[in-house]
Every structure is written in C-alpha cells, then in structure tokens.
Amino acid sequence: MKSPADILSRGLAEHLFSAERELIPDIDDYYEMELAFYENQLFDDQELVRNAAYFARVGDSVTRHFQMCAGESLRLPEHSSSRLKSFFEKNIFRTGYATHGLFPYRGKFHPQMVKGILNVMGLKPGDTVVDPMMGSGTVAVEATLMGINSLGFDASPFCRFMAQTKLDALTMPLRRARKAVDNADAVFEYFGKRGSPISGRKPARTAHLHYADEVMEEPAEYLTGGLRPPKGSDRETAETFGFLLLAYLDAAGYSERSTRKTPIDQFRAILDRYVFVADKIQMFLLQDHAALGLARVSQGDARSMPIADASADGILFSPPYSFAIDYLDNDAFHLNYLGVDVEQLQESMVGLRGKSLPEKFEFYQEDMKRVIAECSRVLKRGKFCTIIVGTNNNQIGKILKQSPSEVEGLDEMLVRMGQETGLSLIRTMQRSIIGMSNTMRREQILLLQKK
Ligand SMILES: C[S@@+](CC[C@H](N)C(=O)[O-])C[C@H]1O[C@@H](n2cnc3c(N)ncnc32)[C@H](O)[C@@H]1O
C-alpha cells in the first residue's frame, strides 16, 4: 500500500498534470478541473499556450488566456466595497476579461467555460462554431479570440446589436469613445432625446449638442430606424455609435433597478468602464500575433437557420430558461428604444409562445424539438453539439401537476430530442450556479455527438 504521506505531499494538480503545465489560479469547481483535465489530454504544448482556458503556463510560456486576463480586472470606483472588489478579482480568469463584461445580460455564459468547452469539443482555429441562440454573443466573442470562426443567431434584435458591439469593441478605434468619456453629459443627452427617457427623467429637447454630433455624426439614427447604418457612414462611426449606445442602455437598465446613483452618473461610470475593458483587450491583441476568427452575428430563428447541411464543426448554446427568465420583459426598455415590435417578436421567441403555463410548456417542447433537429442538420458527422441547460423539475412538476421526481427534466428532454435526431449523449458535466436569487441550482453541460 502507498503511504498517505507520499500521496498527500503532492496536490491533485501535481498528480494529474506534468510540472511543466501550471493551472490558472482559483479553479474551485469540479467541472473546471474536469475541463482542465480534458484540455491536458487533448492538447500539445503549443495548443495549450494558444487556446487553453485552464492553464496559466506551459514550460516557460505564459498562456494567452492568462495574458489576456491578467492585470487590473476593472477600474472600480474608489468607494467600491471590498466584497465587490474581491468578486472581480476572483473572477478575473472566468468572466472579467475581453469585452464579455460589456452588458450584464441575464443567463449569459461563463466565458472561460465556453473556451474550455470549445476546446474539448475539438474545435481548432479556422473551424466554424454555431450558436443558434447566442444572447449576448459570448460564444462569438470567445471563438473570435481563439481564431475560430463563428455564426451566431438570436431572435431578438437587441441581442444581435449587443453581440455585434462586443465583437466590434475588440478591434474598433477607441479615439472617439475616449473623447466621449470626457463629454459624457452631452452623449447622454443625445441618446436621451432619441428614446424613451430613463425613468424619472424628461427628455431634453432644446439642448444644443455640438459635441455629440461630432462623436456620432449625422444622423446616426440607424439603430432606431431599422438597424441599418446610415448612408455614407463609415465603419468607425457605426462602431462608436453602437458602443456608446450599449453603454447608455446599460445605464438605463441599472437606473431602472437602482436609484443609488443618478442616471448620468451611472452612464459616466459605465462608459468609463467600457473604454477601460476595450482598451485592455486591444492592448493585448496588439502585441499578440495569433489570427482572430471571423464572426457573423445576425437576427435569426434557431428553428430554421440559413446554414447549409453538415457545414458546422461544432454547436454550443444554451436555450432560454423559458420559465425563469422572460427575456422580452427583461429587455423591454432596450427593445422599445430600438423601436422593436415586441408583440411580434414574442411569436418567434422560444418559451414565450402561448398563454397559460401548460400551453407555453407545450410550445416550448415543440420549438426545442425543431431547434435540436436543426442543430443536427447543420452539424458535420462526428462533431459535437453542446447544450448547457439548467434543471428545474419543481417548476415543471407544478405545470404538469406531477411530483418533481416524476417529471422529465429539461436536460433529459433535450437528450431525448437529440437521440431522435441522430445526436448521442457522450458526456454530461455538472455546474453549480452560485447566487442567492437563482432558482436553478445546477446546470448540465450536455455533450452530444452527431453519429
Ligand atoms: C439563455 S439565453 C442565451 C445566452 C447566451 N448563451 C449568452 O452567453 O449570452 C437564450 C437566448 O435564446 C434567444 N431565443 C429565444 N427564442 C429564439 C429563437 N427562436 N431563435 C433564436 N434565439 C432565440 C433569447 O433571445 C435568448 O437570448
């Protein structure tokens, strides 16, 4: 028998990995260690340095993930609580890097986990990954940084806008956005005039906005008028406009939830943070020589995607948790601001069709069946479709008037639907969701392979 001292004198990571391969700090969860283990098995040294999510160093080389995350995570205001500061410090390698933090979209993926999953699905630079329900575009941003091409779809035009803005912010010139930080009042005024006012604030009609016009240029109202750039606008104008507008909508969202700060103060702080994070990742990309992937994000329906059969090297997505989050309700301000017909949109949103809860659940199943069949159609043989889904059998039990232990969980339902369309379950990983207000305590990472 081996002596306990021999075993205990080396940590788990030392048992699992060679001394040359050093893990990222703060790996706390089982699923993270699991993904690190698979990365270690699948990747040679060079691949680890290029794209690993869970390694900090390989021999003398510091990994790209470590480099792009390291340093100050956010420029938090002086008066921020130490709890908030330590939260950001702790999540620097998980969520607090690149442009992922630009908008607090609910139900958003954990970016580092996305990177790990793309790796264990066998995706390589130059391959193409699809996210049929991209939300804020975490997969597209992460794939781009890894040199993987991506196609993202979401029924909501706000999601398309958000995802595009996060992608643009990786490379767009920041000159004018920086200038906007010094003129935040004028920019705030400009957007306030063009949409519903932030609660409690009357839209200003007379203010003369020399500066804002200079930043946005004439008339830059394309987002409210059909989501197309104005004629003659150059790319920098469109990208700057989107960046500032996202910061404005972010501030509007905060102001609806909290009155601790005035909306303009909120906007100033958020814009300052946006410029800081974009600047940080751009500085990294400037000295990094790896090619970025190409991303195309569109408004579209996951139930019928404009993609050829057997063309995707991988699919990664998370379906709407229809019963926990009403995305349209959540984004009401933003959708109204963009001039979207919310009632019409509701008809194409998975999870929101139908009136009563049982009817909604019925439609949800029908729609998800179509989404899974569509995933199977576009995926190449032998490749993976990964679905991340929370379980909430209590809720389903209530809807079906059955005991929670008897109902089929959403994860089981999706695995069954996959099986019916040629996708077989290869592995399930579990992830706990931290957060007191979250009704779902566990998420399943389901890796399905097209046979
Ligand atoms: C859980 S969220 C995805 C979050 C995303 N993984 C992220 O990182 O932000 C699910 C998304 O599905 C979208 N959705 C709902 N019905 C859809 C449909 N028919 N086609 C495409 N997307 C849809 C919702 O708008 C929502 O953004």
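## Exercises on a predicted model

The buried residues of helix α20 are covered by elements that include α18 (357-378), β8 (379-390), β9 (423-432) and β10 (442-450). The model is predicted: local features need pLDDT of at least 70 and side-chain atom pairs count only at pLDDT 80 or more, while totals for chains, interfaces and linings use all residues. Residues are numbered from 1 along each chain as its sequence is written.

**Exercise 1.** State how many helices and strands the protein has, and what share of its residues is buried.

Step 1. The protein has 20 helices and 10 strands (DSSP runs numbered from the N terminus: helices are H or I with at least four residues, strands are E with at least two).
Step 2. Of its 451 residues, 43% are buried (20 or more other C-beta atoms within 10 Å of the residue's own; 12 or fewer is exposed, in between is partly exposed; C-beta atoms are placed from the backbone).
Step 3. Among contacts with a separation of 6 or more, 67% join residues 24 or more positions apart (a contact is two C-beta atoms, placed from the backbone, within 7 Å).

**Exercise 2.** Find the buried residues of α20 and say how they are placed around its axis.

Step 1. In α20, residues 410-420, the buried residues are Leu 410, Asp 411, Leu 414, Val 415, Met 417 and Gly 418.
Step 2. These residues lie on the same side of α20, because they cover an arc of only 160° around the axis (taken from the directions from the helix axis to the C-beta atoms).
Step 3. As a general point, an α-helix has 3.6 residues a turn, so residues three or four places apart point the same way.
Step 4. After α20 comes Gly 422, with a positive phi near 90°.

**Exercise 3.** Describe how α8 packs with α9.

Step 1. The axes of α8 (residues 138-146) and α9 (residues 157-168) come within 9 Å and cross at roughly 25° (axes are lines fitted to C-alpha atoms, for helices over the stretch in contact; angles run from 0 to 180 degrees between N-to-C directions).
Step 2. The angle therefore makes α8 roughly parallel to α9 (under 35 degrees; over 145 is roughly antiparallel, 65 to 115 roughly perpendicular, the rest oblique).
Step 3. The crossing is right-handed (the near helix is turned clockwise from the far one by less than a right angle; anticlockwise is left-handed).
Step 4. Ala 140, Val 141 and Thr 144 of α8 make the contact with Ala 163, Lys 166 and Leu 167 of α9.
Step 5. By class, this contact has four nonpolar, one polar and one charged residues (Ala, Val, Leu, Ile, Met, Phe, Trp, Tyr, Cys and Pro are nonpolar; Asp, Glu, Lys and Arg are charged; the others, Gly among them, are polar).

**Exercise 4.** Is Ala 98 buried or exposed?

Step 1. Ala 98 sits in the loop between α6 (82-90) and α7 (111-120).
Step 2. Ala 98 is buried, because it has 25 C-beta neighbours inside 10 Å.
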